[in-house]
Amino acid sequence: SFGVTGILFVGIIFSHFGFNIEDTNLQNFIKEFGLILFVYSIGLQVGPGFFSSFRKGGITLNKIAILVICLGVFITIIMYYITGLPMSTMVGIMSGAVTNTPGLGAAQQTFSDLNFGKDISNIATGYAVAYPLGVIGTIATIIFLRYILKINTNKEEKENELDIDNIKDIPG
C-alpha cells in the first residue's frame, strides 16, 4: 500500500500531463499546505509509537538511520562530481531517493533564501524523478530480504501478538 504517499504520485502524474497553476501565490500556498498535511499525516501514523520504539532497539535503529543519511550525503556529493548536475538537483534527487519530503521542503526553503527567490523547480524535479524509485526500491528490497532471509510474516505477527499480550499482563 502506498498510503499517504499516494498523493505524491498523483501530483507527479498531474505534472506529467501538463497540469500547471499559473498564479504563483496560489502555487506556493498549495505547495506549502500540501507539505504540511503530508508531514502531519506521517506524524499521526508514526508518532504514537515513537517513544516506545526506543525500548525495542530504537537507539540502534536511529544510529543506522544516521549512518544511512551520512552515506546518502556522501553518495550525493560523489554523484554531483560525476554527473555535473547542479547541486540543487542532486539535493532533490537525494531527498526523493530516501523519500524524505521534509528534506525537500527544507532544501527548497534554504535554496530560496540563499538565492533570493530564484527558480527552485530543479529541486522538485530531482525529487519527483527519484521518489517513485525510492518507494519501489524500498518495497522491492523488503520483499527480497523477506525471501532471502526466509522470514515468515504470519509467524512474526503471532509472536508479536504474544509479546503484546505479555506486556498487558504485567501489573503497573
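Helix 3 (58–83) makes the largest share of the lining of the second largest pocket, with 7 residues. Helices here are DSSP runs of H or I at least four residues long, and strands are runs of E of at least two, numbered from the N terminus. This is a predicted model, so local features need pLDDT of at least 70 and side-chain atom pairs count only at pLDDT 80 or more, while totals for chains, interfaces and linings use all residues. Residues are numbered from 1 along each chain as its sequence is written, and side-chain values use heavy atoms, with hydrogens and water left out.

Back to that second pocket. About 1000 Å³ of space lies in it, and of its 33 lining residues, Ser 95, Val 98, Thr 99, Asn 100 and Thr 101 are the closest to the centre. Besides helix 3, helix 2 (24–46), helix 4 (87–97), helix 5 and helix 6 each put at least two residues into this lining. The lining splits into 19 nonpolar, 14 polar and no charged residues; Ala, Val, Leu, Ile, Met, Phe, Trp, Tyr, Cys and Pro count as nonpolar, Asp, Glu, Lys and Arg as charged, and the others, Gly among them, as polar. A pocket, for the record, is found on a 1 Å grid over the protein atoms alone, as an open set of points where a 1.4 Å probe fits, with protein on both sides within 12 Å along at least five of seven lines; lining residues have an atom within 4 Å of a point. Grid points are joined across faces, edges and corners, and the volume is the space filled by probe spheres set on the points.

The largest pocket comes in at about 1400 Å³. It has 35 lining residues, with Gly 11, Gln 27, Ile 30, Lys 31 and Ala 124 nearest its centre. Helix 2 gives the most to this lining, 9 residues, and helix 1, helix 2, helix 5 and helix 6 each supply at least two. By type, the lining of the largest pocket holds 15 nonpolar, 16 polar and 4 charged residues.

Thr 101 sits in helix 5 and, at 4% relative accessibility, counts as buried (buried is under 20% relative accessible area, exposed over 50% and partly exposed in between, with a 1.4 Å probe and protein chains only). Neighbours within four places in sequence aside, Thr 101 is in contact (heavy atoms within 4.5 Å) with Leu 8, Leu 35, Phe 38, Tyr 127 and Tyr 131. Thr 99, in the loop between helix 4 and helix 5, is partly exposed at 32% relative accessible area. Its phi is near 50°, a positive value in a residue other than glycine. Lys 150 also has a positive phi, near 55°; Lys 150 lies in the loop between helix 6 and helix 7 (153–169) and is exposed, at 74%.

The largest nonpolar core contains 10 residues, namely Leu 8, Phe 9, Phe 38, Leu 104, Ala 107, Ile 120, Ile 123, Tyr 127, Tyr 131 and Val 135. Such a core is a set of buried Ala, Val, Leu, Ile, Met, Phe, Trp, Tyr and Cys residues joined through side-chain atoms within 4.5 Å. Helix 1 (6–16), helix 5 (101–114) and helix 6 (121–148) each bring at least two residues to this core, and helix 6 gives the most, 4.

Tyr 80 is partly exposed at 27%, whereas Tyr 81 is exposed at 65%.

Overall, the protein has 7 helices and 0 strands, and 16% of its 172 residues are buried.
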